[in-house]
Amino acid sequence: MRNDQGAPPAERPRSGARTMPLTDTRPTVSSLILGENVIVPDPHANPPRRRSTDNEIILIVDDSPENLSALGSLLQDAGYRVKVANSGGTGLRLAAQAPKPALILLDIMMQDMNGHEVLYYLRNNPETRDIPVIFLTAKDTDEDEERAFAAGIADYIVKPFRPSIVLARVRSQLLVRHARSWLQDQNQALEAEVNRRMRENELIQAVSIRALAHLAETRDNETGNHIQRTQNYVQLLAMRLADRPRFSRSLTPKYIETLARSAPLHDIGKVGIPDAILLKPGKLTPGEWAIMRTHTTLGCDAIALAEKDINASADFLAQAKEIVRWHHERWDGTGYPDKLAGESIPVSARLMAVADVFDALISKRVYKDAMPFAEVRRIIAGERDRQFDPEITDVFLAHCHEFEAIALHYGLDG
């Protein structure tokens, strides 16, 4: 029976169910007392040969003892191991027990639970959903076949059974199962190799980025901790902004990942600035300051040339160019090198601007001493809606203790 919605009941009793265990006893079909027309003899059938599918377990679910005996003997003689169940409930239990069957022969017309109900439960159980099922039935109409195949059966055998047809259908489904399993193994091996190469490429990429960033920092008397700190600041700031309406579409997990990967390159252009300017302990002259500002365009142009050389690009390189060129732009349009303002400044550069200024203020440089956290918070708050995006500033200030924790974790310069 089905419930009011037409779905099979969740559970029903299995009293009186009988099973036949796996056995190596192989009675011949002729030695069994069978019901009339259970299996029709095939005088032209050849003796079965040993196959790659031999020794597979096949479960027969049928409430007819004659069918169980005949099919069991036929399949055992063909080299298969057989489990039998004389009810749908017992069949469901045996199908989920180890060793699980490679194929199920399932009768449609049974007393306690018909074949369609059994198939429903098989397909909704993760332990049995992938086991191929062949329906056994006396019905032979297009409507019956359509319903059966729509429900997910692998094949359909009509009674009375011919031994050669049963064995051919069984072997065919087992071979399909073997082929599917082989393809899954191949796909898993291929996926593992692809993942290995991707990890290797990501490692090479990360090492290359860090090497370039460290090269720039050796010119600026900064330490590798500056890379770690600013990278973590940017990532944290992006994550805290990601659920806000203004940023939810742009700050996706993928974007944040590539943003953090490209952030260490923000000052790569400093390798092109003369030492006399880059390391000058005092205030820069207007001419020196003009040269110092070119580190933004020098770095961006270097990345663009590298892309041109290899005739390719990547998301993280596109973000790297944005950060390198525009992380000194100001929200009010008075920054450099292009005097961008407001939303015209890429979000990656706006995030980097806050992170870079915060780290610069708390660090000692040849031209300045480190500032305490409280003073730095006051300065950044004062630049809200002037140097920095106001909403990014608000989020930074709301989570300032987290940024300070990152700074202390990696160690301050000076």
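Reply: Happy to. A residue is called buried under 20% relative accessible area, exposed over 50% and partly exposed in between, using a 1.4 Å probe and protein chains only. This is a predicted model, in which local features need pLDDT of at least 70 and side-chain atom pairs count only at pLDDT 80 or more, while totals for chains, interfaces and linings use all residues. Residues are numbered from 1 along each chain as its sequence is written, and side-chain values use heavy atoms, with hydrogens and water left out.

A salt bridge here is a side-chain nitrogen of Lys or Arg within 4 Å of a carboxyl oxygen of Asp or Glu, and that rule gives 24 salt bridges. Let's start with Glu-127 and Lys-100, whose side chains come together at 3.3 Å, N to O. Glu-127 sits in the loop between helix H3 (115-123) and strand S5 (133-137), and Lys-100 in the loop between helix H2 (88-96) and strand S4 (103-107), so this pair ties together parts that are 27 residues apart in sequence. (Helices, H or I of at least four residues, and strands, E of at least two, are DSSP runs numbered from the N terminus.) Glu-127 is partly exposed at 44% relative accessibility, and Lys-100 is partly exposed at 37%.

Glu-257 is partly exposed, with 36% relative accessible area.

Next come Arg-325 and Asp-338, which form a salt bridge at 2.8 Å, N to O. Arg-325 belongs to helix H11 (residues 315-326) and Asp-338 to the loop between H11 and helix H12 (347-362), so the contact ties together parts that are 13 residues apart in sequence. Asp-338 is partly exposed at 32% relative accessibility.

Among the cysteines, Cys-300 is buried at 10% relative accessible area, and Cys-400 is buried at 3%.
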